[in-house]
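Visitor: I would like to go through this structure step by step. Could you begin with the terms I will need?

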2 protein chains.
Amino acid sequence: MGDRNSTNQTSATGSPGPLPGGSILHGGSLGRAREAFPDAPEPWLDLSTGINPLAYPLPEIPSAAWTRLPERGDVLALETAAAAAYGASDARLVAAAPGTQALLQLLPRMRPASRVAVLSPTYGEHAHVWREAGHAVEEVSDFAQLNGADVAIVTNPNNPDGRIVAPGRLAELASRLGERGGLLIVDEAFADTDEAHSIVPSIDERTRGLVVFRSFGKFYGLAGMRLGFAVAGLEMADGIRAALGPWAVSGPAIEIGRAALADKAWRIATRARLARESERLARLLRGAGFGLAGGTPLFLLAEADDAQARYEALGKAGILVRRFDNAPRRLRFGLPGSEAEWARLEAALR
Amino acid sequence: MGDRNSTNQTSATGSPGPLPGGSILHGGSLGRAREAFPDAPEPWLDLSTGINPLAYPLPEIPSAAWTRLPERGDVLALETAAAAAYGASDARLVAAAPGTQALLQLLPRMRPASRVAVLSPTYGEHAHVWREAGHAVEEVSDFAQLNGADVAIVTNPNNPDGRIVAPGRLAELASRLGERGGLLIVDEAFADTDEAHSIVPSIDERTRGLVVFRSFGKFYGLAGMRLGFAVAGLEMADGIRAALGPWAVSGPAIEIGRAALADKAWRIATRARLARESERLARLLRGAGFGLAGGTPLFLLAEADDAQARYEALGKAGILVRRFDNAPRRLRFGLPGSEAEWARLEAALR
């Protein structure tokens, strides 16, 4: 998984100083929101992320999931459920990780110094982790510019604007990169709401030059659980498994992930619900004078000349949305969960 | 955390084929035990690990720990509790990770090609992860042989024999290594039962050339939760935090870890209980004709000429212990939890 709530346009609130380890700012920090708006009413309504507010209901967790080390057979069952849910042809092509952020951190350390191109603007951690690991990173705005890189990175659908690249174009790029030892990383953190755009079904065990990241926590609303997956050809999937080592995923995450990923009825119902809810959010934002610059069923990117004043007004009302230093007319809104939260947002936008 | 149930003397049962990613065999696999002893009675009694069988009682976990991304402030509170529990002078010197195995996997990828010396025999993953990452690894039997390495690794107390190196000797070695850019890794996975041997209190923010791994899951009996810590000088602790990235530890692990590490009364009572229980296990094993070759309060290393026949007899009775291919006279026993489990072990050893 991992927060897809940040872009390379950093700073979610005005307050924070530098973070440890040179890290970048993300949505989802109520700690910083409380510092910026000390008089805001509690509890805060956090719309600064793209996490489904109605989480998959937690199943009973057997105590052995907490007390014992996870066994390889349990992880394999999880990877089998993920393969079925994501349309991968074989569980061996799916490697479970404690969140896709762990995969983001790992990949730059699995390659020699490379020229990396990130289709931008997008989730800021991609460029950040490759730079931190010593690679030469370029943020490019045209898809064609990815061709010259050793490592190309595309978030699809993109965060924060929802831009979609057709899987066929990605497959062509991956094929070209793979022929010369390069790699295309496709971050499908927000692909669960519409599998039509996923490149996962095109992967087989001989695939080279392509790895797909799938986030569990966003669509299933369980971001704190830390679960994500890499899908790739057999050589790369096995390499990622070896680099993560044994017991990478917690016992509770294995149990909950297996149940959730196997629950096709919930997945279908949730897609329909998120589609309805994001339509409702779009109407609310348009009615409040915003234009819409894109999004996915889990978040919308709104535009207005007075976006900064709107951000302040929302903050004073205890509602946190995502803003972008380099795009001051834009705000990103996640979905409210309850009717009370919808009413609160509506009132604050009035 | 991570299983400390493996040594470089691999193979816990006779059955398994190669594992994915060139990984090594560990204790704690009931899947493999069931294959090796298909007629054994269920449930299995797993004594093949060094995990406390009476786990820290799980506190109530707030739903936000599952649904929201962990905030940096929550991780800091966890690291503060860990610093107090482990005797570290400052929470900034403590970096939380999803298990110490994640730290084992990470460190070899943070250094250029190095000469690595592992004080052996010991937990097999140390030599394995450095070799896999392309370093030159030597397993040495004398402490003095560690001096010539770029990276020296000592498990203290050691697994499986409980050998203890005085912290003063480790501090001297770390100081020498640090002066020339080297690193001493001290794996204190089993140090919770007696803090007198921990080198953590000697670490301050300017410390170089030393990193300590602390396992949460063994002493607290929550191995599936995936939590561990690195303790080091500020530069290295910050470097590890940056390499792990944001949201490395799950929300539930943060909540449970904070509560458990702050519970001094449980820690003191558990130390006393484990000391009593390991004495009881020692009496039982001696009475059954074993000699004792070492151990810690969480496991004992037993010796007998008929150790392999004893292993088979225990397996047929549904009791899994740890054996070692290269030391056929030795078996490692973890602690039974309930009186019923004690009775079952006693009957199987009769």
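Guide: Buried means under 20% relative accessible area, exposed means over 50%, and partly exposed lies in between (1.4 Å probe, protein chains only). Helices (H or I, at least four residues) and strands (E, at least two) are DSSP runs, numbered from the N terminus. The model is predicted: local features need pLDDT of at least 70, side-chain atom pairs count only at pLDDT 80 or more, and totals for chains, interfaces and linings use all residues. Residues are numbered from 1 along each chain as its sequence is written, chains are lettered from A and ligands numbered from 1 in the order in which they are written, and side-chain values use heavy atoms, with hydrogens and water left out.

Visitor: Which strands does β5(B) pair with?

Guide: Two strands pair if DSSP finds at least two bridges between them. Strand β3 of chain B (residues 115-119) pairs with β5(B) in the parallel sense over 3 bridges. Strand β6 of chain B (residues 183-187) also pairs with β5(B) in the parallel sense, over 5 bridges.

Visitor: What are the bridge partners of B:V151?

Guide: B:V151 is the partner of B:V116, and in β6(B) its partner is B:L183. From β5(B) the chain crosses through helix α6 of chain B (residues 167-179) to β6(B), in a right-handed β-α-β crossover. Right-handed here means that, with the strands pointing away from the viewer, the path from the first strand over the helix to the second runs clockwise.

Visitor: Let us turn to chain A. At what angle do helices α3 and α8 pack?

Guide: Axes are lines fitted to C-alpha atoms, for helices over the stretch in contact, and angles run from 0 to 180 degrees between N-to-C directions. α3(A) (residues 72-86) and α8(A) (residues 251-261) pack at about 30°, with their axes 9 Å apart. They are therefore roughly parallel; angles under 35 degrees count as roughly parallel, over 145 as roughly antiparallel, 65 to 115 as roughly perpendicular and the rest as oblique.

Visitor: Is that crossing left-handed or right-handed?

Guide: The crossing of α3(A) and α8(A) is left-handed. A crossing is left-handed if the near helix is turned anticlockwise from the far one by less than a right angle, and right-handed if clockwise. By contrast, α9(A) (residues 264-287) and α11(A) (residues 339-349) come within 11 Å and cross at roughly 20°, and that crossing is right-handed.

Visitor: Now the charged side chains. How many salt bridges are there over all chains?

Guide: The count is 44, where a salt bridge is a side-chain nitrogen of Lys or Arg within 4 Å of a carboxyl oxygen of Asp or Glu. One of them joins A:R34 and A:E42, at 2.6 Å from N to O. A:R34 is partly exposed at 36%, and A:E42 is partly exposed at 49%.

Visitor: What about A:D204 and A:R206?

Guide: Their side chains meet in a salt bridge at 3.3 Å, N to O. A:D204 is partly exposed at 29%, whereas A:R206 is exposed at 64%.

Visitor: Which residues are linked in a network?

Guide: Salt bridges link A:E188, A:D192, A:E195, A:R214 and A:R271 in a network.
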